[in-house]
Amino acid sequence: MPKNSKVVKRELDDDVTESVKDLLSNEDSADDAFKTSELIVDSPEEKDTDVEEGSEVEDERPAWNSKLQYILAQVGFSVGLGNVWRFPYLCQKNGGGAYLLPYLILLMVIGIPLFFLELSVGQRIRRGSIGVWNYISPKLGGIGFASCVVCYFVALYYNVIIGWSLFYFSQSFQQPLPWDQCPLVKNASHTFVEPECEQSSATTYYWYREALNISSSISESGGLNWKMTICLLAAWVMVCLAMIKGIQSSGKIVYFSSLFPYVVLICFLIRAFLLNGSIDGIRHMFTPKLEIMLEPKVWREAATQVFFALGLGFGGVIAFSSYNKRDNNCHFDAVLVSFINFFTSVLATLVVFAVLGFKANVINEKCIIQNSEMIMKFLKMGNISQDIIPHHINLSAVTAEDYHLVYDIIQKVKEEEFPALHLNSCQIEEELNKAVQGTGLAFIAFTEAMTHFPASPFWSVMFFLMLVNLGLGSMFGTIEGIVTPIVDTFKVRKEILTVICCLLAFCIGLIFVQRSGNYFVTMFDDYSATLPLLIVVILENIAVCFVYGIDKFMEDLKDMLGFAPSRYYYYMWKYISPLMLLSLLIASVVNMGLSPPGYNAWIEDKASEEFLSYPTWGLVVCVSLVVFAILPVPVVFVVRRFNLIDDSSGNLASVTYKRGRVLKEPVNLEGDDTSLIHGKISSEMPSPNFGKNIYRKQSGSPTLDTAPNGRC
C-alpha cells in the first residue's frame, strides 16, 4: 500500500475516533461515573436466563427445585386446620351431603378463578404481593401492604394453635392418656372426684383447666401460662428455622409437612371403619337435607369457607408462585390445588364423622345402661308396672333396640307422669347433632373419642402430630406472604427479617398464652381476617380487571401460558366474581352487625361455657384490628394520588446493580397502554425522535444514566 494511502487510513481512523468522542460528549457530566460503573453487555450465555425487565429480582431470585415441591407447598398452605375442624362442622350444620353442592358451585365461581388470578400475577411479575400491586397500579399499592398486615395478624394467633397441638403431642406419650379420667381430690377425711370435671367431662376439664388454665373472662389476665408459653416459643423456633432461608429451606420440609397429614388421615379412616358405630356417623353426615340449601346463610358460609380454604388475599399464593418459571402452567396448578383442597376436606370429614359416630355409640351405650338401671329402680319402687315390660326383654343386659321399645311403651303409658321420670331417649342422632367445631372438635370431642381407641396413646400422637404439620404448612405460606414482599421491596436480608419477624411475633403472642389468651384467639380469629381479606381480594379483582384491563390481562396469560385461557375466566373475573365478592362482603358486614360482639367464657363454678360481651376496651381492639388491616389501602392511595412523598428515589423509580447490569423500574406505571405484566414499559417503546439523546436520565439521580431497556 502506498504511503499516502496509510496517511488517508490514519486520518479516517482519527475521524471515527472523533465521531465516537462526539457521540459520548452528548452525555452529561455523569459519563465518568457511567463509564467506571460495572456495566457489561449481555453475553450470549446470559440470554437464556430468566430475566424480567424492570424487576429487581432477576437472576438472584431463588426457584423451586421441582414442580412437585411447589405443588406441595401450595397444598400445604391451602390445606390447614380449617379443613379438619371447620369444613366437617359446616357440612353437619348446613345439610350434610347437600352442602357439598353449593360448596362445589362456589369453588368454581369464586375459588378457582381468583386462585388462578393470584397465581398468574405472582408468576409473571415475580414479586411478592407489595411489588405485584405496585407494578400494576402504584395507587393501589396499599393492597400488598394490607395483605402483609393481615398475614401478620393471622400468624400471631395461628401459631398459638400449633403450640396447643405441641402441648397435647408431648402429653400423649402416656398410658392411660392424662385426659382419660377425671382427677381425684384428697382431703383430710376422704377422696372425691374434682367437681368441675365431674360436672363437665374429663377431656373438657383437661382442656380448660390443665392445658389452658383459663380465666373466667377476657378482663381477668391471670398471668402467663408457662406451659403454653414454652410451647409457643417452640412453635416459633420451628417456623423460624424452616423459613430462615425462604423456599430453599421450607421447600425441603414440605415433603413431610404436606404429605404426612394424608398418611394420618388415611390411617384414621381405616381404623375408624373398624370401630363400632362409624357407619352411623358417616350415614348421618351424608344424609342430605335439601331444604336447608335454600337458606342464604348456607351459601354465605360455603363462600366464606371456599375463600379462606384456598388462602386468597394472604399473599402466600402470590409469593410462592413468584418463584416459578414464567412458562409454568399455573392454570393447571390452580385447578389441581383447588380440587386437592376439596377432596382433603371431604376425606377429613369422613374421618371426623366416622370417629364421632364411634364416640356417639360409646356414649349411647352408657346412656342405655344408666337409664335401664333407672327403669329397674322404678319397677322395684312400683312407679312402673312390670306388666308393661315385654317378657323377652332383660333390662340388665338390654340392647339399643329393646331399650327404645321399652322407652316408647313407658312414654305412652305414663304420658302425664313421664317428664318426672327424667328418662333419656338415648338416640345416636341426638349425640351426632351436637355440632362441634374448632378447638372444641380437636381438643375435646376428638380426644375423648381417642381415649376409647385400642392403643390410644399411639393414635393421639399421630393425630396431634398431624395437626402440627397442617399448621406448619399454613404458617410457611403465611410467613412467606410477609417476608417475600418486604424483601423484594426494601431489599433487606431474608434471614435477618425472618428472625426479627418471628421474634416480634412471639413477644406479641404472649397475650395469647395468658390464662385469658383463648379469648384473644377468638377475637383475632373473628375480626382480624374476615372483612380485611374480603376487601383485599375485591381490590385485587378490580385492579386486574378494571384498572389494568381484563383484555390486556388475557393477552398476557396467552403469552405466558402458550395458550389462551377459557373465556369462562374472562366472564368470571369481569362480572361474576366481583358481584359474588361484594355480596359476600355485604352479607358478612350484616351478619357481624347482627351478631353481638362477644365470646364464650368458661365459668369454673358452673363448669360450662357462657356467652359474655366484650368490655369497652375489647370493642376498641376489635374495631382497631379491622381498621389497621385496611388502613394501608387508603393511605397509599392518597400519598401517591397527591404526591405527598417523593418516590423519585424510592422503589418505584430505583436503579439497582445486579451482576453488572443496571435494572430500572418504571417511575409511573399508570396510563401505560402496553402490557405491564408482559414486562413492557413506556420507556421501552421506540423513540420517534432519533436526534435526541437515547439515554433517559434517572430522576433524582445526578450521577447515573440508564439505557431505555435497563441494560448496557
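Predicted model: local features only at pLDDT ≥ 70, side-chain atom pairs only at ≥ 80, totals over all residues.

**Surface patch**

I started on the outside, where V623, V627, F628, L631 and V635 form a nonpolar patch with about 430 Å² of accessible area together. Patch members need over 30% relative accessible area and no salt bridge; like charges are joined within 9 Å, nonpolar side chains (Val, Leu, Ile, Met, Phe, Trp, Tyr) within 5 Å. A salt bridge here is a side-chain nitrogen of Lys or Arg within 4 Å of a carboxyl oxygen of Asp or Glu. Areas are Shrake-Rupley values with a 1.4 Å probe, and for residues only the protein chains shown count as cover.

Residues are numbered from 1 along each chain as its sequence is written, and side-chain values use heavy atoms, with hydrogens and water left out.

Helix α26 (residues 616-630) gives the patch its largest share, three residues. Helices are DSSP runs (H or I, at least four residues), numbered from the N terminus. I checked F628, which sits in α26, and its 48% relative accessibility makes it partly exposed.

**Annotated site**

Which residues does the "binding site" annotation cover? The unreviewed UniProt entry lists G76, V79, N83, N341, L470 and S474. They span 399 residues in sequence, but no two of their C-alpha atoms are more than 12.5 Å apart, so they gather at one spot. UniProt positions follow the numbering used here, feature names are shortened, and annotations may be inferred rather than shown by experiment.

I looked up N341 in helix α16 (residues 330-381). N341 is buried, at 1% relative accessibility. Beyond four places in sequence, N341 touches S78, V79, N83, Y103, A309 and L310; contact means heavy atoms within 4.5 Å.

Next came S474, in helix α21 (residues 456-490) and buried at 7%. Leaving out residues up to four places away, S474 touches G76, F77, V79, G80 and Y158. The S474 and Y158 side chains also make a polar contact at 3.5 Å (N or O atoms within 3.5 Å; within protein, one able to donate a hydrogen and the other to accept it, and residues adjacent in sequence count only if both atoms are side-chain atoms).

**Also in α16**

Outside four places in sequence, N364 contacts C426, Q427 and I428.

Technical notes:
Helix = DSSP H or I, 4+ residues; strand = E, 2+ residues; numbered from the N terminus. Buried < 20%, exposed > 50% of the residue type's maximum accessible area, 1.4 Å probe, protein only.
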